[in-house]
Amino acid sequence: MAQYDYDLFVIGAGSGGVRAARLAAMAGAKVGVAESYRVGGTCVIRGCVPKKFMVYASEFAREFELAAGYGWTVGEAHFDWRAFLANKDKEIARISGIYTRNLNNAGVDLILGSASFVDPHTLELTERGKTHTVTAAKILIATGGRPKLPDVPGIEHVITSNEAFNLPRLPKRMVIVGGGYIAVEFACIFHGLGVDVTLIYRGANILRGFDEDVRSHLVDEMNKRGLKVLLSCSHERIEMRPDGVLVSHFGEGLPVEADVVMFATGREPNVEGLGLDKAGVKLNDQGAVAVDDYSRTNVEHIWAVGDVTDRLALTPVAIREAAAFAQTVFYDRPTRFDHGNVPTAVFSQPPIGAVGLTEAEARHQYKQIDIYLTRFRPMRLAFVADDERILMKLVVDRASGRVLGCHIVGHDGPEMIQLAAIAVKAGLTKAQWDDTCALHPTAAEELVTLREPYRPQELVAAE
Ligand code: FAD
């Protein structure tokens, strides 16, 4: 008789957990997975997927403007939030169903309940109020992350991204707090849907970690579209008035009123209640499960992948870490996921696509850097009277000619960056990029026709 109930038990059926469970089962392992909320995890249920639907929904207002320039007469536009929610929820349920079916087809036991450690090989599962235990030879922690709220008076009145996907009605005024991609994306989404949005961030500029030119370009473009961005501003308290209006008070400056206040001020690994101490699993200084390059924890038979390890909190990264784990442990092919040159996007309006080093990082790591940068008016906006510009920037190591980073702010930037990432990851040189014939007329052709290194005016003046 087998010593354990399962060869592998996975905690969390999100991006990482589902991939690992399926691959292990396909290798012949007996696999169980527990999911405490809904199969599909953050990405499918309250992350990337519903967010992208909201981005699409919110972009139409701008498209209608462009359409008029092209000669279209579009009737009075009206957005029905509840109709959108119904369609969005139907699609999310469909995708979650596919995930469930895939697990079933691979022969994985799915337990809809929460799991916590009793000892290093035993998990307690709580399903609809009933508990039982299972044992497993190997365990994978793939419990993801969750929104983290600061300790500010009145914080009980605010929502997080979790609730933003299902607001009962579209507010008239909204305050969104945070400078990361989630705050920025939701600010653009709700602004596009006609909400009067104020984005508030305590730092000097939004999107820390992105290239400086990208950060300032996006703020300019958001301002041009009428989105209010208040920087270097942090909440002292949030007051709920008797009429239900929420008033944000800051140390200085005027208070801001809103119907909804959303905080997107960071996320934390989902480790609470997991009983990691009972298994002896250690956390790192950031409170994430500490793992090595193979996603193994300090306990020999326990691994962790995805947001709970706080390496790079992105869906494809969780999936690749999970696949590397399965290859290593169940296919006898030791595999590490390389976290370098992972492309990222911010689905702001206009959106950002970025891969590789920022200019600041490159200047820190390399002796001499050449910057190629262009700001231009996209052709598709020829017939509208505004001043939107696309930004494209290449960061190049002068000695080797390698393109170390590529940064785009503008329509289709994320689509372009997925392909540019192949070249950056492959270590291609600027000369090789230039060798590639342009595809005309596109915005992307600018990436292979940037001839002269960029020299900011102030540098030219100083010479
Ligand atoms: P998750 O997908 O979060 O799955 C963890 C699962 O574990 C959850 O379903 C949870 O319910 C379950 N769980 C937790 N504890 C237990 C327990 N004790 N027992 C049983 N089950 C448990 N990434 C991108 O790449 N692109 C994007 O555009 C993007 N947009 C995002 C937008 C938002 C608003 C958010 C919040 C995230 C976004 N992300 C995006 C990040 C992406 O969603 C995560 O990186 C990804 O889902 C991580 O996968 P995971 O498997 O680590 O965890």
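Which polar backbone atom lies 3.5 Å from an oxygen atom of the ligand?

## Ligand contacts

A polar backbone atom of alanine 313 stands at that distance, 3.5 Å, from a ligand oxygen. The protein covers 92% of the 1,000 Å² of accessible area that the ligand has on its own (Shrake-Rupley method, 1.4 Å probe). The model is a predicted one, in which local features need pLDDT of at least 70 and side-chain atom pairs count only at pLDDT 80 or more, while totals for chains, interfaces and linings use all residues. Residues are numbered from 1 along each chain as its sequence is written, and side-chain values use heavy atoms, with hydrogens and water left out.

Two side chains also make polar contacts (pairs of N or O atoms within 3.5 Å): an N or O atom of glutamate 35 is 2.6 Å from a ligand oxygen, and one of tyrosine 181 is 3.1 Å from a ligand nitrogen.

## The surrounding shell

Of the 38 residues around the ligand (a heavy atom within 4 Å), Gly16, Glu35, Thr42, Lys51 and Asp307 come nearest. The shell divides into 16 nonpolar, 16 polar and six charged residues, with Gly counted as polar and Tyr as nonpolar. Helix H2 gives the most to this shell, with four residues (helices are DSSP runs of H or I with at least four residues, strands runs of E with at least two).

## The parallel sheet

Four strands form an open sheet in the order E10-E9-E8-E14, with parallel pairing (at least two DSSP bridges between paired strands). Strands E10 (228–230) and E14 (260–263) stand at the edges, each with a single partner strand, so one side of each is left without a neighbour in the sheet. Three bridges join E9 (residues 196–200) to E10, and isoleucine 200 has leucine 230 as its bridge partner in E10.

Conventions: Polar contact = N/O pair within 3.5 Å; in protein donor to acceptor, adjacent residues only side chain to side chain.
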